Amino acid sequence: MAVNLVNVENVSKVYGTRALLDGVSLGVSEGDRIGVVGRNGDGKTTMIRMLARLEEPDTGRVTHSGGLRLGVLTQHDSLDPRATVRHEVIGDLADHEWAGNAKIRDVLTGLFGGLDMPGFPQGLDTVIGPLSGGERRRIALAKLLIEEQDLIVLDEPTNHLDVEGIAWLAQHLRERRSALVCVTHDRWFLDQVCTRMWDVQRGDVYEYEGGYSDYVFARAERERIAATEETKRQNLVRKELAWLRRGAPARTSKPRFRVEAANELIADVPPPRDSSELMKFASSRLGKTVFDLEDVTVQAGPKVLLKHVTWQLGPGDRIGLVGVNGAGKTSLLRALAEAARSEGEVQPAGGHVRVGRTVKLAYLSQEVAELDPNWRVLEAVQRVRERVDLGKGREMTAGQLCETFGFGKEKQWTPVGDLSGGERRRLQLLRLLMDEPNVLFLDEPTNDLDIETLTQLEDLLDGWPGSMIVISHDRFFVERTTDRVFALLGDGALRMLPRGIDEYLERRKRMEEAAAASAPAAAAKPAAAVPEKSAADVRAAKKELQKIERQLDKVSEKETKLHAQIAENATDFAKVAELDAELRELAGQREELEMRWLELAEDA
């Protein structure tokens with residue numbers, strides 16, 4: 001019989017006048033792998049913080065078994081900014097000790113791409129203070145996974161991980177003996193890892209057996225029987241259920257209960273999109289040409305990301321774009337956006353981009369555009385447009401679209417300055433769609449969005465007639481909203497993947513195996529095969545290396561000061577925008593210096 005690790009008994013938690021949790025009782029046992037879902041603000045993070053005893057309940061109690069070894073990944077790490085990555089992750093272990101530990105090697109390779117931690121300026125000896133939030137989060141996750149625990153509690157562990165990193169983490173957690181409680185909006189990850197689900201809704205927690213797919217089946221059946229949810233939500237669940245049931249068998253886990261009643265719900269549900277009808281409508285809005293790329297080369301500073309690419313984005317095309325970090329996904333979108341904004345006058349480093357005359361582009365970037373904090377949510381949307389045409393005679397007012405995106409009637413009168421990061425992201429996307437574009441570029445659109453909002457966004461995009469490119473590490477969202485997947489594998493080429501993200505992961509694995517196999521062969525080549533550097537060249541390289549290292553130190557100091565200033569001026573949005581622009585400029589300088597450092601390191 002499985003040993004009980006944590007008991008939550010009749011727990012309640014109130015913030016202001018709102019009860020996030022009301023008389024909740026739950027338990028976690030050995031071997032449990034529990035996924036936690038629910039709307040933003042409904043209490044998911046509060047619940048797992050109380051589970052981990054990082055926060056006390058107002059009433060009720062939380063008990064841990066004696067000697068429980070608990071590991072927790074919160075949304076804010078407690079890493080020492082003065083310490084190095086080596087000190088925080090590996091501790092005092094000598095190189096031969098940690099390098100001989102298969103678990104440590106697996107974690108470093110899975111989360112950072114190699115034992116030498118490519119992408120970090122000094123590898124394991126990089127100081128943590130100047131690093132970005134995403135880099136710090138990966139370090140905190142690595143530190144947690146290297147240790148041994150009875151129970152791991154993770155709050156959004158897939159944030160800042162790419163598709164490969166998420167696939168590795170899913171496999172790693174499946175193979176661990178530790179019990180797991182995980183809050184995440186990544187539905188593919190939930191299906192791969194979890195065997196139970198907790199759905200946090202309006203003070204209650206509903207328990208389901210199985211992964212995310214099973215949860216959708218069971219929730220549809222529960223709502224059919226209870227008939228208490230509003231029609232709109234029932235329809236959204238039915239649509240998602242139909243998508244899951246029609247999908248490839250590998251996408252769904254084996255249901256652990258009767259699904260006949262749930263299947264009755266989807267007997268009359270059509271496919272999510274009528275692709276031919278949408279293509280016809282998109283062609284009437286866009287004509288034959290959207291974006292034509294001919295022998296295009298894309299650069300970021302001195303670095304060439306894409307070489308001699310010839311490609312076409314046609315009317316109604318829905319493209320998912322995946323690739324290794326730094327391969328040029330965002331740079332490609334920016335190059336196309338620049339060509340569209342300048343009506344073809346601004347071109348990439350090489351080749352030519354032809355833009356259709358009727359193209360009206362909306363670009364959701366990773367940076368959340370700042371809005372006047374005094375505007376109300378509804379006002380921010382109405383300033384773009386009062387009504388929007390969704391095609392096929394469908395029309396929505398600004399207020400109706402706000403409700404679709406999770407801004408209820410009361411929330412529509414909330415000042416923009418009081419919104420959370422996820423709510424601002426939703427508002428930014430809503431304003432873009434309100435402007436009736438016919439081409440959408442979505443760069444990481446799922447960041448900070450809860451699952452319910454994601455399903456609503458997917459439902460909206462199902463009927464949106466136009467061309468679309470989506471960059472996302474959310475595999476479920478890419479498969480759900482796009483029809484074809486293209487990949488950037490870091491070799492300057494753009495490739496179509498007929499089998500989608502599965503094929504991408506297979507190709508990346510083969511590339512890594514080939515690189516590992518060629519490394520010993522390269523090392524075994526006679527020294528004569530490598531051109532000798534003169535003593536003067538080596539001295540000059542070392543001298544310039546020292547100079548660049550001093551410059552990098554200065555850049556790091558400036559970045560640290562800017563981060564502190566941003567924190568001090570958090571409520572002054574104009575000042576924060578100004579400081580953020582300076583920070584991005586410094587990041588560009590750092591990248592150029594690091595590229596030059598790598599070139600010189602070979603000479604030295």
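**Notes on the predicted model**

1. Let me start with the rings: across the whole structure, the search turns up seven aromatic pairs. One of them joins Tyr 212 and Tyr 215, and because their planes meet at 50°, with ring centres 5.6 Å apart, the pair is tilted. Both tyrosines belong to helix H8 (residues 212-226), where they sit three residues apart, about one turn of the helix. Tyr 212 and Tyr 215 are both buried.

2. Another pair is edge-to-face: Trp 311 and Phe 486, at 5.3 Å centre to centre and with 65° between the planes. This pair links distant parts of the chain, as Trp 311 is in strand E11 (residues 303-313) and Phe 486 is in strand E19 (residues 484-488), 175 residues apart. Trp 311 counts as buried at 13% relative accessibility, and Phe 486 does too, at 6%.

3. Two further ring features deserve a look in your viewer. Tyr 208, Tyr 212, Tyr 215 and Phe 476 make up one aromatic cluster. Elsewhere, Arg 426 lies over the face of Phe 407, at 5.0 Å from the ring centre.

4. Now to strand E3 (residues 33-38): six of its six residues are buried, so the strand is largely enclosed by the rest of the structure. Arg 33, Gly 35 and Val 37 point one way, while Ile 34, Val 36 and Gly 38 point the other way, and all are buried.

5. Cys 194 is buried, with a relative accessible area of 5%, and Cys 402 is buried at 0%.

6. Finally, a friendly word on confidence. The chain averages a pLDDT of 82, and 83% of the residues score at least 70. Over residues 248-252 pLDDT stays under 50, and the model has nine contacts beyond four places in sequence for them. Residues 526-530 also stay under 50, with zero such contacts. Where pLDDT is low, the predicted coordinates should not be read in detail.

Terms used:
Residues numbered from 1 in each chain as written. Predicted model: local features only at pLDDT ≥ 70, side-chain atom pairs only at ≥ 80, totals over all residues. Heavy atoms only, no water. pLDDT = per-residue confidence, 0-100. Contact = heavy atoms within 4.5 Å. Buried < 20%, exposed > 50% of the residue type's maximum accessible area, 1.4 Å probe, protein only. Helix = DSSP H or I, 4+ residues; strand = E, 2+ residues; numbered from the N terminus. Phe/Tyr/Trp six-rings, centres within 6.5 Å; stacked < 30°, edge-to-face > 60°. Lys NZ or Arg CZ within 6 Å of the ring centre and 35° of its normal.
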